[in-house]
Amino acid sequence: MTTKLFGEPVRRREDARLITGRGRYLDDIGAGALAAAFVRSPHAHARITGIDVDAALDVEGLVAIYTYEDLTGPLAEPLPVLIPHPQLHAPRTGYPLANGEVNHVGEPVVMVVATDRYVAEDACDRIVVSYEELPAVVGVDAARAAEHAVHEEIPGNVAARHHQETGDVEPALAASPHTLSFTQYIERSACMPLEGKGVHARWDPDDSSLRVHTSTQASTSVRAAIAAKLELSLDAVEVVAPDVGGGFGVKIVHPWPEELLVPMAAIALGREVKWAEDRREHFISSAHERQQRQEITVGYDDEGRVTALDVHIWHDNGAYTPYGIIVPIVTATQLVGPYDLPVYRVVVESVYTNTVIVTPYRGAGRPQGCYAMERTMDRIADALGLDRAVVRERNLIRPDQFPYDHRLTFQDGRPVIYDSGDYPGLLTKLKDLVGWDAVEERRRDAERRGKLLGAGMALYVEGTGPGPYEGGHVQVLGSGKVLVSTGLTSQGQGHETVFAQIVASELGVPIEDVEVTTGDTRRFGYAVGTFASRAAVMSGNAVALAARGVRAKALRIAADALEVDPQDLEIDEGVVQVKGTPGASIPLRTVAVLSNPLRYAFDEAARQATQFAGPADDSRPPVAEGDAPGLEHRDYYSPVRSTFASGAHAAVVEIDPATWEIDVVTYAVVHDCGNVVNPMIVEGQVHGGVAQGVGGALYERMAYDADGQLQNASFMDFLMPYASEVPDVVIDHQETPSPLNPLGIKGAGEAGVIPGTAAIASALEDATGRRIAAMPLSPTQLYDLVRDETTERTAQAARRTGVPA
């Protein structure tokens with residue numbers, strides 16, 4: 001493979017179209033379509049005792065009203081559990097429309113279809129749903145107490161008990177020179193893509209075919225779900241993901257109720273139907289993530305080396321479990337990070353609450369695991385009076401230990417075996433990048449300015465590129481254009497650029513000649529989806545293999561035309577030429593024409609492939625056995641297991657004791673994702689992830705009250721960092737290629753967000769000297785924490801001296 005483009009910071013090719021308003025998002029489609037709107041539950045937990053639609057029937061422009069009673073066949077059954085697991089002993093999913101009971105605010109009860117969205121919303125307002133309220137279970141502690149049940153048939157509220165261990169924990173802890181135990185929390189949050197979910201469906205009665213556009217991360221899987229639930233032949237359903245304005249995990253869930261109900265209505269009414277999620281709907285009826293209670297016990301020696309780790313986690317999965325227990329599994333297996341842990345046990349109890357479902361949000365369980373492990377390292381360092389970097393360094397897996405088998409099972413059902421890495425190298429680079437050894441000097445300077453300063457660090461390992469597969473198709477046209485398609489979808493990651501770079505490098509063609517299509521089942525019908533930092537690893541390798549197939553065929557055809565050995569040929573700038581003899585050449589576009597023997601000539605280029613164009617070997621058929629017309633190739637990449645990227649982050653914070661405002665003044669990242677296809681895009685991914693990490697550490701919290709009402713379901717109340725709150729990020733790269741795939745790459749999409757909460761928590765603790773045991777942490781909460789501890793110490797002193805506080 002040539003290296004002219006692979007590894008180069010090529011500017012994103014899709015940006016010009018997207019930032020000048022020429023993108024085509026879901027709501028740009030179907031201008032004349034009927035509009036759908038939903039009546040959603042205002043209660044967290046209730047029985048439906050009646051639905052009265054009479055007042056809505058007089059609304060001019062009303063077309064149809066649907067309740068659960070209108071659903072038939074598979075559509076009337078519960079939504080699927082997408083990823084079953086033997087430890088998910090009590091799975092539950094909702095229905096496309098509520099069937100007698102609602103289990104969270106925002107659950108859909110009635111769908112209305114009208115001539116436009118305004119009319120549909122007016123009709124929704126006139127529909128009266130009667131409820132019998134039931135006790136709500138909100139938060140992991142309420143679920144653990146189990147005074148009430150989310151689902152009557154699951155009295156303990158436990159959906160799953162996920163358990164993995166290596167070694168015998170109790171004896172190892174008992175034999176440890178030191179042990180410590182602590183409990184900490186990470187709160188519920190959610191992703192906020194600029195574009196919410198949305199669906200447009202068009203039914204063609206003439207050929208009984210359905211075309212659906214949906215803002216999804218998994219178009220081929222949505223296609224399969226629609227076909228199954230609506231009892232259609234798979235080949236009668238087309239699903240296209242147009243430009244998608246962000247996903248971050250919420251759009252990997254499928255099928256959403258709307259992805260089934262909108263096509264159902266389109267078929268029933270014979271009209272195009274569209275629904276676009278509004279922001280409040282996104283808050284109360286899509287998906288959240290993050291909330292866990294973590295109880296940790298660790299054993300360690302006098303040098304700070306971990307001898308045993310025992311972790312018990314309660315994970316809030318919300319009202320239903322459509323995505324199985326992937327987030328708990330990822331937390332359990334990624335918690336171990338870059339450390340050599342001799343004995344490890346983890347139990348994750350995934351519990352039901354009367355809140356929005358919990359499914360992957362960028363990081364998908366990894367931030368929680370990193371938070372547990374890195375705060376454990378901080379606790380050990382504090383207990384022994386050691387530098388936090390020293391404790392980490394003493395526990396790191398060494399480069400000569402790869403491949404390193406953690407003896408755990410990852411989310412893909414395959415073993416957690418780290419393929420490559422240099423974790424001590426990451427830590428050394430991070431200390432230099434952030435100026436770790438100069439933090440005390442910076443602290444003194446901050447004190448002179450009346451500020452508190454602290455620094456923290458966090459290391460992580462991220463499983464990326466899980467299978468089972470992705471595919472790629474590459475075709476060279478007679479015009480010289482190279483068409484690339486893959487079923488995996490795009491939500492702004494830069495796939496059009498990265499996949500074009502890979503194919504251009506493999507084929508030796510100008511990148512300007514490469515056109516990339518993703519997420520369109522008309523072009524590529526078999527795929528898995530975009531999640532778990534897998535696009536570059538999976539589809540990148542798939543399109544590389546497809547391009548290599550095209551290259552091999554092109555060299556074979558060109559060798560016949562030039563009467564040379566294929567091994568003597570190379571392709572450069574779209575021209576197949578004899579190595580060292582530039583004059584002996586043929587354009588790749590001509591090879592594409594010759595690859596398709598023709599009877600009819602439609603233009604001058606086609607003449608070259610007709611039967612009388614020149615001498616031919618009449619002892620061979622025009623299309624060789626086992627070959628096919630056209631210069632194209634389809635291939636699939638299926639890994640034996642995931643690759644494991646890694647990184648290290650450090651944060652320096654300043655706190656104003658007058659206001660307790662928190663300012664992240666320095667943020668450093670060292671990242672290792674193997675061979676880097678495009679360093680500019682990787683850095684962009686890191687910057688975006690860091691922004692979400694800062695949000696998760698300091699701002700973003702879904703605030704439910706005890707009745708299951710979301711108190712901050714708008715951008716006026718839900719805090720996210722502005723550009724002014726996101727620190728400048730300094731980045732360094734380390735490359736340890738993966739031996740598991742042809743390109744030697746690892747994923748990068750989620751790396752930036754994973755250690756943010758842990759690193760900032762450590763920095764806040766370092767700045768204030770107060771124990772941080774729950775994140776995110778606002779200035780008000782930080783003030784209360786400092787005040788409460790100060791008050792308690794004063795009271796303790798008063799009790800000792802007998803002097804009133």
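Guide: Gladly! Let's start with pairing: two strands pair if DSSP finds at least two bridges between them. Helices (H or I, at least four residues) and strands (E, at least two) are DSSP runs, numbered from the N terminus. This is a predicted model, where local features need pLDDT of at least 70, side-chain atom pairs count only at pLDDT 80 or more, and totals for chains, interfaces and linings use all residues. Residues are numbered from 1 along each chain as its sequence is written, and side-chain values use heavy atoms, with hydrogens and water left out.

Visitor: In which sense do strand S19 and strand S20 pair, and over how many bridges?

Guide: Strands of a sheet pair through backbone hydrogen bonds, either parallel or antiparallel. Here S19 (residues 470-476) and S20 (residues 482-486) are joined by four bridges in the antiparallel sense. You can look for Val-474, whose bridge partner in S20 is Val-484.

Visitor: What is the strand order of the open sheet with mixed pairing?

Guide: That sheet has four strands, in the order S21-S20-S19-S25. Its edge strands, S21 (514-518) and S25 (631-637), each pair on one side only. On average, neighbouring strands are turned by 15° against each other, direction ignored.

Visitor: Which strands does helix H13 lie across?

Guide: First, two ideas: contact means heavy atoms within 4.5 Å. Axes are lines fitted to C-alpha atoms, for helices over the stretch in contact, and angles run from 0 to 180 degrees between N-to-C directions. Helix H13 (residues 495-507) lies across S19, S20 and S21, and runs at about 130° to S21. Helix H14 (residues 535-562) also packs on the sheet: H14 touches S19, S20 and S25, and its direction makes about 145° with that of S25.

Visitor: Which strands stand at the edges of the three-stranded sheet, and why is one side of each left without a neighbour?

Guide: The order there is S4-S2-S6, an open sheet with antiparallel pairing. Strand S4 (101-102) and strand S6 (128-133) are at the edges with a single partner strand each, so one side of each has no neighbour in the sheet. S2 (residues 46-52) and S4 are joined by two bridges, and Arg-47 stands opposite Glu-101 in S4.

Visitor: At roughly what angle do helices H9 and H18 cross?

Guide: The axes of H9 (residues 366-384) and H18 (residues 756-768) come within 8 Å and cross at roughly 30°. Angles under 35 degrees count as roughly parallel, over 145 as roughly antiparallel, 65 to 115 as roughly perpendicular and the rest as oblique. H9 and H18 are therefore roughly parallel to each other.

Visitor: Which residues of H9 and H18 meet?

Guide: From H9 come Cys-370, Tyr-371, Glu-374, Arg-375 and Asp-378, which meet Thr-757, Ala-758, Ala-761, Ser-762 and Glu-765 in H18.

Visitor: What value is phi of Asn-157 near?

Guide: Phi of Asn-157 is near 65°, a positive value in a residue other than glycine. You will find Asn-157 in the loop between helix H3 (140-145) and strand S7 (158-166).
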